[in-house]
Amino acid sequence: MNGKARSGLSSVSRVLIPALMFQAVAIGGAYATGREIIEFGAAYGALGWAAGAAMAAVGALLAFLVYETARRHGLFDYRAMTRHLIGRAYWLFDAIYIPFALAILAVLTSATGNILDDTLGVPYWGGVLIIVAIAAWVIFQGTEMMERFNGIGTIALMAGYVLFAILVIAARWDHIGDVFSSGDHALKPDAGIGDAVILGAVYVGLGFVIYPSTLITVRHLRSRREAAVSALLTGGLYVVPWFLTYVALMGYYPQARVFDAPVPWLTMLSDADRWVVVLYGVLVGWTLVATAVGLIQSVLVRIDLNLAELQRPAIGASVRTAVIFAALGTGALLSAIGIIDLIAIGYLVGAVALIVVFGIPLFVRSAKYLWREDPETPTPAPDAARARTGKGTGRS
């Protein structure tokens with residue numbers, strides 16, 4: 001798929017696709033259970049909104065730097081991007097990215113297995129196998145199917161989170177008002193707004209594990225202006241489910257039954273009608289597929305590019321299947337650590353590490369694009385990346 005083949009896309013579609021792809025992958029690892037929002041904002045009670053505001057602002061800024069750097073230089077896979085940013089030390093990103101991706105898969109595998117069991121009555125491992133099969137099918141259909149699957153999923157998930165939040169917020173409105181009017185931050189009594197802002201900015205580092213799966217969509221962007229609009233949409237969409245979940249959680253602040261729960265959304269929805277809980281289970285299953293597809297596909301593209309450099313054929317269907325099952329299987333084994341510890345420790349360590357090896361070099365190398373204009377022409381995708389946007393096994 002080349003730039004010419006994509007010329008039929010409208011400007012609205014071009015700027016939406018990267019933002020929707022980012023959100024589709026992010027929502028699974030960042031929002032699905034509600035546990036993530038507790039660890040990175042909601043524990044600060046009435047001060048937690050500052051973490052979300054920081055996420056939106058910093059997230060939009062970093063998204064622009066990523067998109068514009070990728071667009072100008074044709075960097076549509078994360079190996080090319082990291083080589084551009086940190087040169088021969090590009091392998092450091094892999095050393096952090098792969099374990100971090102597995103930690104995210106572990107959180108989602110554990111959450112989805114338990115949620116499908118609780119909501120649909122599907123045995124834990126049965127639910128995991130169903131998700132693995134769907135993820136494998138989507139990956140084998142190619143980039144266009146992934147973009148369509150993730151785009152539709154993002155819209156459905158956002159609608160679902162709006163519904164869940166409305167149900168909880170409407171039922172707990174009085175308590176939410178009390179939390180904000182009293183400035184309650186009992187779980188973090190010594191914290192201030194600055195602490196919440198820093199935490200939100202650090203949490204944006206989670207985005208660096210998502211960009212590898214989003215870079216291929218940057219090929220749609222034709223200008224600096226489109227990169228900026230797409231980045232603003234990315235930052236805005238990123239925090240919509242965060243704020244919905246945050247406000248809903250304030251309806252129970254600081255109750256231990258919710259704030260100590262591995263999957264707080266399940267606890268908050270426990271009094272809702274059965275169909276609401278079932279819908280939540282279905283949507284969380286979709287998030288695992290979307291996130292798994294994005295993370296695993298970025299690794300598969302990375303492997304194919306390495307083989308192309310060695311003038312060897314792209315990996316076949318059997319190897320791709322093995323990688324998919326190995327990644328999700330490892331995630332399932334790691335899930336024994338527990339969602340709370342994986343998010344509280346694993347996410348924080350991973351986010352900080354990615355800020356060091358990706359975020360800081362990105363700002364140093366690409367901050368100039370914040371004010372430097374360029375001709376509004378599309379950047380063609382490199383042959384290696386373009387060859388892997390087709391259907392099937394990823395062979396050109």
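Reply: The following account concerns helix α3 and two helices that it packs against, α11 and α16. The model is predicted, and the values below are computed from it.

Helix α3 covers residues 49-73, and α16 covers residues 339-366. The two pack at an angle of about 65°, and their axes lie 10 Å apart. Angles of 65 to 115 degrees count as roughly perpendicular, and α3 is therefore roughly perpendicular to α16. Their crossing is left-handed. On the α3 side, the contact is made by Leu61, Leu62, Leu65, Val66 and Thr69; α16 contributes Phe358, Leu362, Phe363 and Ser366. By class, the residues of this contact comprise seven nonpolar and two polar, with no charged residue.

Helix α16 itself is not straight: a kink of about 45° is centred on Ile355. Between its end C-alpha atoms α16 spans only 35 Å, whereas a straight helix of 28 residues would span 40 Å at 1.5 Å a residue.

The packing of α3 with α11 has another geometry. Here the angle is about 150° and the axes are 8 Å apart. Angles over 145 degrees count as roughly antiparallel, and α3 and α11 are therefore roughly antiparallel to each other. The crossing of α3 past α11 is right-handed. The residues of this contact divide into 18 nonpolar, five polar and four charged.

Helix α11 is made up of 27 residues, 224-250. From its first C-alpha to its last it reaches 39 Å, close to the 39 Å expected at 1.5 Å a residue.

The peptide bond joining Tyr253 and Pro254 is cis, with omega about -5°. Most peptide bonds, by contrast, are trans.

In summary, α3 is roughly perpendicular to α16 and roughly antiparallel to α11.

Note on methods:
Residues are numbered from 1 along each chain as its sequence is written. This is a predicted model: local features need pLDDT of at least 70, side-chain atom pairs count only at pLDDT 80 or more; totals for chains, interfaces and linings use all residues. Side-chain values use heavy atoms; hydrogens and water are left out. Axes are lines fitted to C-alpha atoms, for helices over the stretch in contact, and angles run from 0 to 180 degrees between N-to-C directions. Helices (H or I, at least four residues) and strands (E, at least two) are DSSP runs, numbered from the N terminus. Angles under 35 degrees count as roughly parallel, over 145 as roughly antiparallel, 65 to 115 as roughly perpendicular and the rest as oblique. A crossing is left-handed if the near helix is turned anticlockwise from the far one by less than a right angle, and right-handed if clockwise. Contact means heavy atoms within 4.5 Å. Ala, Val, Leu, Ile, Met, Phe, Trp, Tyr, Cys and Pro count as nonpolar, Asp, Glu, Lys and Arg as charged, and the others, Gly among them, as polar. The expected span of a helix is 1.5 Å times one less than its number of residues. The bend at a residue is the angle between axes fitted to the seven residues ending there and the seven starting there.
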